[in-house]
Amino acid sequence: MNIDQAKEAFDKLYPQWVENKLRIETEQDTRFQVINRMLTEVLGWPHRDIKTEPHVDSGFVDYLLMAGGRGRFVVEAKRIDRFLVDSKNPIYATYKASGAALRSARDGLDQAKRYCSDTAVPFAALTSGFEWIGFWALRTDGKPPIDGKALVFPTLEAIRDNFAKFHDLFSHDGILNNRYQIYVHEAEGLHVAHAEMLYRVL
């Protein structure tokens with residue numbers, strides 16, 4: 001699935017999610033009606049590569065997404081009525097993971113970080129289905145994860161208006177190519193150029 005097909009799928013699901021939002025009550029509803037469909041129909045994760053509730057030392061991971069027999073991405077789900085983003089800014093933004101804007105998300109981010117440590121997975125998303133927070137939870141660049149920047153889509157509208165970024169961060173292709181590192185480094189003031197293969201012309 002390419003990004004244009006993914007956007008078409010999102011555009012079809014978006015009005016359904018908006019219409020049903022008030023009828024989604026439990027975490028199970030959120031996962032069944034929104035998160036599962038976002039992962040498979042929009043972000044291109046094959047069903048066979050999604051493990052739900054695998055047991056690890058810290059508990060049960062809501063979603064462990066696999067590729068090539070290895071864990072690549074952790075998704076921690078929360079109830080839709082539990083706000084994760086304290087800022088009322090409705091647009092995409094980056095915030096310090098331990099900062100004031102994500103105070104309500106702190107427990108979920110800590111939980112995701114433990115699951116990432118248990119599964120050796122570097123990147124995680126904390127989501128209520130309508131809010132999505134990307135978090136580099138297992139870093140190897142010398143920066144403590146909690147001092148790093150989180151990538152925050154506080155609404156479905158923020159996803160719609162920044163779909164290429166959302167897709168780069170959370171899609172099957174984006175995760176396999178570690179594109180989250182580019183966005184986190186840019187948010188933290190380190191410019192990372194996109195790599196391009198060069199060939200000699202004879």
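**Exercise 1. Count the helices and strands in the protein chain of this predicted model.**

Solution. Go through the secondary structure. The protein chain has seven helices and nine strands.

**Exercise 2. Find out how the radius of gyration of the protein chain agrees with that of a compact globule.**

Solution. 
- Step 1: take the length. The chain has 202 residues.
- Step 2: A compact globule with 202 residues would have a radius of gyration near 17 Å.
- Step 3: compare. The protein chain has 16 Å, which agrees.
- Step 4: Along the principal axes, the C-alpha atoms fill roughly 65 × 35 × 35 Å.

**Exercise 3. Decide how helix 5 and helix 7 are oriented to each other.**

Solution. 
- Step 1: locate them. Helix 5 covers residues 163–170, and helix 7 covers residues 179–187.
- Step 2: look at the axes. They come within 7 Å and cross at roughly 120°.
- Step 3: classify the angle. Roughly perpendicular runs from 65 to 115 degrees, and roughly antiparallel starts over 145. Helix 5 and helix 7 are therefore oblique to each other.
- Step 4: name the residues that meet. Helix 5 brings Lys165, Asp168 and Leu169; helix 7 brings Arg179, Tyr180 and Tyr183.
- Step 5: sort this contact by class. Three residues are nonpolar, three are charged and none is polar.

**Exercise 4. Describe the largest pocket and its lining.**

Solution. 
- Step 1: state the space. The largest pocket holds about 340 Å³.
- Step 2: count the lining. It has 18 residues.
- Step 3: find the centre. Lys21, Phe83, Glu131, Pro154 and Thr155 lie nearest to it.
- Step 4: sort the lining residues. Nine are nonpolar, four polar and five charged.

Methods. Residues numbered from 1 in each chain as written. Predicted model: local features only at pLDDT ≥ 70, side-chain atom pairs only at ≥ 80, totals over all residues. Heavy atoms only, no water. 1 Å grid on protein atoms, 1.4 Å probe; cavity = no way out; pocket = protein on both sides within 12 Å on 5 of 7 lines; lining within 4 Å. Points joined across faces, edges and corners; volume = space filled by probe spheres on them. Nonpolar A, V, L, I, M, F, W, Y, C, P; charged D, E, K, R; others polar. Axes fitted to C-alpha atoms, helices over the stretch in contact; angles between N-to-C directions. Helix = DSSP H or I, 4+ residues; strand = E, 2+ residues; numbered from the N terminus. Parallel < 35°, antiparallel > 145°, perpendicular 65-115°, else oblique. Contact = heavy atoms within 4.5 Å. Rg over C-alpha atoms; globule rule 2.2 N^0.38 Å.
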